Amino acid sequence: MPDVTAGAAAPTPHIAPYEARGLKGRILSGVQPTGNLHLGNYLGAIRNFARLQNDFECLYCVVDQHAITQPQDPKLLASQTREIAAAFLAAGIDARKQIIFNQSMVPEHSQLAWVFNCVARVGWMNRMTQFKEKAGKDREAASLGLYAYPALMAADILIYKATHVPVGEDQKQHLELTRDIAQKFNNDFEAPDFFPLTEPLIFGAATRVMSLRDGTKKMSKSDPSDFSRINLTDDADAIAQKIRRAKTDPHPMPDTAADAEKRPDADNLLGIYAALADQEKDAAIAEFAGRQFSEFKAALTELAVAKLGPVGAEMQRLMKDPGHVDSVLRDGAARARALAAPILAETYKIVGFLKP
Ligand code: AQP
């Protein structure tokens with residue numbers, strides 16, 4: 001048997017497999033280092049990453065290879081990669097117990113992705129709404145990488161045989177495709193149950209945070225208006241200004257869930273409030289029913305500053321120590337490779353590739 005981990009640093013010995021540690025499963029999730037990390041990424045994903053770490057073995061990945069599916073400034077990509085790692089740490093993920101790393105340091109992701117490019121069908125890719133949204137009207141000019149993105153995402157997950165993936169609601173379709181790829185691989189190669197059918201973990205009161213300027217549009221890193229989102233590194237003044245300018249309607253605050261649903265801007269702000277306060281949206285609706293938006297916005301500002309301020313401050317502190325962040329990523333990548341390499345070797349054997 002060849003040493004499939006050759007080239008990877010030795011794994012850190014204190015990490016035993018999740019089964020041996022009585023955990024519920026193995027988690028993989030990722031965030032792209034594309035700048036402007038925002039409240040949606042935090043509430044929909046990163047905060048949940050930290051909350052799951054007592055029950056699952058977790059691998060959290062800065063997906064730099066996904067980032068380059070659209071043009072990135074190479075001078076910024078490294079610092080943006082560190083920024084996401086800093087956000088993971090600032091959100092409370094323990095890098096000694098869990099694995100924080102960046103995708104390009106673990107080549108097994110792209111090696112498995114090629115196999116999955118040959119399993120996934122063009123028809124499946126054509127249905128992906130994120131490709132349609134990101135490619136826009138000029139699809140012919142989109143990169144091949146953007147089109148194949150979901151196959152790489154499936155590889156990110158299945159190279160660890162991850163059982164669960166915490167994500168925001170926008171990633172649900174890609175998770176379904178991951179399951180389709182796993183199932184087709186297992187069937188085509190007569191390898192029953194080789195890859196698991198990974199479950200999404202979508203929870204909290206804000207699984208889809210919308211733009212502060214338009215409650216029908218997802219809050220997004222690439223929105224040209226900085227007033228559309230609260231960035232994790234915004235200071236108290238910026239947070240206050242953005243909430244003050246957030247779009248509302250001329251009526252008092254909704255007094256029922258049905259009323260809120262018809263008013264997307266109000267509904268979005270209430271969802272953000274509930275998520276930050278760790279309560280159900282219905283509780284937030286009851287608390288502010290019939291009151292003026294100005295009162296609600298003052299309460300939301302106070303809460304957002306209290307909850308996000310410490311995260312932003314810790315991110316800023318970590319960003320001043322890139323050497324430390326790099327060492328966390330390198331150590332995480334070595335431990336990730338130790339898990340990924342045997343699974344890739346088994347996959348190659350199933351496919352029929354000769355051993356090196
Ligand atoms: N608005 C959102 N509400 C809830 N969750 C969200 N996520 C993203 N936007 C929201 C979740 O954050 C995680 C990381 O996302 P990503 O950076 O890998 O990819 P993305 O979905 O493409 O992020 P953006 O901010 O929307 O970037 P652009 O502008 O490039 O499209 C994922 O779990 C995602 O669900």
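Asp267 is buried, with a relative accessible area of 18%, where buried denotes under 20% relative accessible area, exposed over 50% and partly exposed the range in between (1.4 Å probe, protein chains only). The model is a predicted one, in which local features need pLDDT of at least 70 and side-chain atom pairs count only at pLDDT 80 or more, whereas totals for chains, interfaces and linings use all residues. Residues are numbered from 1 along each chain as its sequence is written, and side-chain values use heavy atoms, with hydrogens and water left out.

Asp267 belongs to helix H11 (residues 264-277); helices (H or I, at least four residues) and strands (E, at least two) are DSSP runs, numbered from the N terminus. Apart from residues up to four places away in sequence, Asp267 touches Ala260, Glu261 and Lys281, a contact being defined by heavy atoms within 4.5 Å. Tyr273, also placed in helix H11, is buried at a relative accessible area of 9%.

Aromatic rings were examined next. Rings of Phe, Tyr and Trp (its six-membered ring) are paired if their centres lie within 6.5 Å; planes under 30 degrees apart count as stacked, over 60 as edge-to-face and the rest as tilted. By this rule the count is 15 aromatic pairs. Phe131 and Tyr147 form an edge-to-face pair, with 5.1 Å from centre to centre and 70° between the planes. This pair links distant parts of the chain, since Phe131 is in helix H6 (residues 129-135) and Tyr147 in helix H7 (residues 144-158), 16 residues apart. Phe131 counts as buried at 10% relative accessibility. Tyr273 and Phe296 form a tilted pair, 5.8 Å centre to centre with 50° between the planes. Here too distant parts of the chain are linked: Tyr273 lies in helix H11 and Phe296 in helix H13 (residues 293-319), 23 residues apart. Phe296 is buried, at 0% relative accessibility.

One aromatic cluster is formed by Phe116, Phe185, Phe189, Phe194 and Phe195. Lys161 lies over the face of Phe194, at 3.8 Å from the ring centre; a charge is taken to sit over a ring if NZ of Lys or CZ of Arg is within 6 Å of the ring centre and within 35 degrees of the ring normal. Likewise, the charged end of Arg245 sits over the ring of Phe227, 3.9 Å from its centre.

The ligand has 21 residues around it, of which Asp170, Lys218, Ser220, Lys221 and Ser222 come nearest; a residue is near if one of its heavy atoms lies within 4 Å. A ligand oxygen atom is 2.5 Å from an N or O atom in the side chain of Ser222, and an oxygen atom of the ligand is 2.9 Å from an N or O atom in the side chain of Lys134. A polar backbone atom of Gln32 is 3.2 Å from an oxygen atom of the ligand. Taken alone the ligand exposes 650 Å², of which the protein buries 96% (Shrake-Rupley method with a 1.4 Å probe; for residues, only the protein chains shown count as cover).

Ser222 is placed in the loop between strand E5 (199-201) and helix H9 (236-245) and is exposed, with a relative accessible area of 62%. Its side chain is joined to that of Ser220 by a polar contact of 3.1 Å (a pair of N or O atoms within 3.5 Å; within protein, one must be able to donate a hydrogen and the other to accept it, and residues adjacent in sequence count only if both atoms are side-chain atoms).
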